[in-house]
Amino acid sequence: MNAHPAATLERWTAAIFEACDVPRDDAALTAAILVRSEMRGYKTHGMTRVPSYVERLRSGDFNPRPRLRHNSVPGGIVLDADGAIGQVAGPHAVRLGLEALRASASVMVCVQACGHLGALGIHALQAAEAGAFCMVGQRTPPVLAMPGFARPAIGHNPIAFGCPVPGADPVVFDVACSVAARGHILMAAQRGEPIPHGWAVDQTGTPTTDAERALLGALLPMGNHKGIGIAMMVECLAGAIAASAGSLDPERNVVRAGGAVGRQGGFVLLVKIDAFSEPAHFAEYMTQWTGAYLAAGGDDARLPGQRAAGLERRARADGIALPAATEQELIELGARLGVPFPSPSLQLAPSHQVLGETA
């Protein structure tokens, strides 16, 4: 199986966004995050998102040239993302938070009017790689319901956290409040495949395995009422606490066909670890509990983020093999925008033919 070098995909993706009037640095940053998401196994939030992001830029739902502004308050920051692509606004929020930790033990960055942040775990990972604990969440339009509901009732409101582990890859946990990400259903619909029972309901509130009917209905929450409760927590933090006058616009609750929605609220919470614990105590505690966890699980046990880190290292060395449907979409997109999609130039070893999803 042939594969694309990461740098080649980054250059092409950046050129696509530049063709949509995104400034060069922002285009390069967006491309780097989407490609890194792909490498780490976030298939539903990697290269398959490029066409929908282009659509959102062309429609004005994403602002290609935002003016990001922020206001600092004691213990927090309010960031007006001005409709920016999430892969621009998210790293900016993390940088602001890390800067604030120089003088504070913790900081919460409320992000207003932000585009789709993509794989939230990537933003949490970047903070953890800089030595901070980080939690990230984003509000989405209503797509989640319980069986029998007449319509979607609340967003699936993804949430993630990252924490450094001395001498090892950071722990990174990233989950939406639905049983499955809407991106999985979009990909199933794209391929004409059914979805597993228990993922979604149709327009009548009846469970369905038809991906197209599911997209017209609603996602089911993980853990039933437990998932709904976590979605409500994120709605409070990323929706209400980060609210602006624009948040009340009914358009913020419209779900786009491509799944990438603009101008939503989010939050990034960062904690300076050595403000609360001696670095040596933190390091020893993390080593002890992660070691105990892995020992209890045996050879197959892993911490959240370990598999993704291994996939990323492998992809950086051996290249990225894209799903055929995704590659075809990108080829067609490149043709429309006059940015030809590159041909694969690396040969994967047999054991590296499939890059899977993260848990």
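This is a predicted model: local features need pLDDT of at least 70, side-chain atom pairs count only at pLDDT 80 or more; totals for chains, interfaces and linings use all residues.
Colleague: Why is His4 called buried?

Modeller: The relative accessibility of His4 is 1%, and buried means under 20%, so His4 counts as buried. His4 sits in the loop between strand 1 (2–3) and helix 1 (6–18).

Colleague: What makes the pair of His4 and Glu327 a polar contact?

Modeller: The side chains of His4 and Glu327 are joined at 3.4 Å. The cut-off for a pair of N or O atoms is within 3.5 Å, so the pair counts as a polar contact.

Colleague: How many aromatic pairs does a search of the whole structure find?

Modeller: The search finds four aromatic pairs. One of them is Trp12 with Phe341, with ring centres 4.8 Å apart and planes at 90 degrees.

Colleague: Why is the pair of Trp12 and Phe341 called edge-to-face?

Modeller: Ring centres must lie within 6.5 Å to pair, and planes over 60 degrees apart count as edge-to-face. With 4.8 Å and 90 degrees, Trp12 and Phe341 meet both conditions, so the pair is edge-to-face.

Colleague: Which parts does the pair of Trp12 and Phe341 tie together?

Modeller: Trp12 belongs to helix 1, while Phe341 is in the loop between helix 11 (324–337) and strand 12 (346–347), so the linked parts are 329 residues apart in sequence. Both Trp12 and Phe341 are buried.

Colleague: What makes the pair of Phe161 and Phe173 tilted?

Modeller: Their planes are at 35 degrees, and the ring centres are 6.1 Å apart. Under 30 degrees would count as stacked and over 60 as edge-to-face; 35 degrees falls in the rest, so the pair is tilted. Phe161 comes from strand 6 (residues 159–165) and Phe173 from strand 7 (residues 168–175), so this pair ties together parts twelve residues apart in sequence. Phe133, Phe161 and Phe173 form one aromatic cluster.

Colleague: Why do Phe161 and Phe173 count as partly exposed?

Modeller: The relative accessibility is 29% for Phe161 and 39% for Phe173. Buried means under 20% and exposed over 50%, with partly exposed in between. Phe161 therefore counts as partly exposed, and so does Phe173.

Colleague: Which residues touch the most other members of the largest nonpolar core?

Modeller: Of its 30 residues, those are Trp12, Ile16, Phe17, Met47, Val50, Val54 and Ile320. Two or more residues come from each of helix 1, helix 2 (24–39), helix 3 (50–59) and helix 11. Helix 1 gives the most, with six residues. Leaving aside residues up to four places away in sequence, Val50 touches Thr13, Ile16, Phe17, Leu34, Leu330 and Leu333. There is also a second, separate core of 23 residues, with Ala89, Leu101, Leu120 and Ala132 among them.

Colleague: How do you know that helix 2 is roughly perpendicular to helix 5?

Modeller: Helix 2 and helix 5 (residues 120–129) pack at about 95 degrees, with axes 11 Å apart. Angles of 65 to 115 degrees count as roughly perpendicular, so helix 2 is placed in that class relative to helix 5. Helix 2 contributes Ile33, Arg36 and Ser37 to the contact, and helix 5 contributes Ile122, His123, Leu125, Gln126 and Glu129.

Colleague: Why is Asp26 called partly exposed?

Modeller: Asp26, in helix 2, has a relative accessible area of 22%. Buried would need under 20% and exposed over 50%, so Asp26 is partly exposed. The C-alpha atoms of Asp26 and Ile85 are separated by 8.8 Å, and these residues are 59 residues apart along the chain.

Colleague: What makes helix 6 (residues 182–191) mostly covered?

Modeller: Seven of its ten residues are buried, namely Arg182, Gly183, Ile185, Leu186, Met187, Ala188 and Ala189. The cover over these buried residues includes strand 8 (200–201), helix 7 (211–216) and strand 10 (218–219).

Definitions and conventions:
Residues are numbered from 1 along each chain as its sequence is written. Side-chain values use heavy atoms; hydrogens and water are left out. Helices (H or I, at least four residues) and strands (E, at least two) are DSSP runs, numbered from the N terminus. Buried means under 20% relative accessible area, exposed over 50%, partly exposed in between (1.4 Å probe, protein chains only). A polar contact is a pair of N or O atoms within 3.5 Å; within protein, one must be able to donate a hydrogen and the other to accept it, and residues adjacent in sequence count only if both atoms are side-chain atoms. Rings of Phe, Tyr and Trp (its six-membered ring) pair if their centres lie within 6.5 Å; planes under 30 degrees apart count as stacked, over 60 as edge-to-face and the rest as tilted. A nonpolar core is a set of buried Ala, Val, Leu, Ile, Met, Phe, Trp, Tyr and Cys residues joined through side-chain atoms within 4.5 Å. Contact means heavy atoms within 4.5 Å. Axes are lines fitted to C-alpha atoms, for helices over the stretch in contact, and angles run from 0 to 180 degrees between N-to-C directions. Angles under 35 degrees count as roughly parallel, over 145 as roughly antiparallel, 65 to 115 as roughly perpendicular and the rest as oblique.
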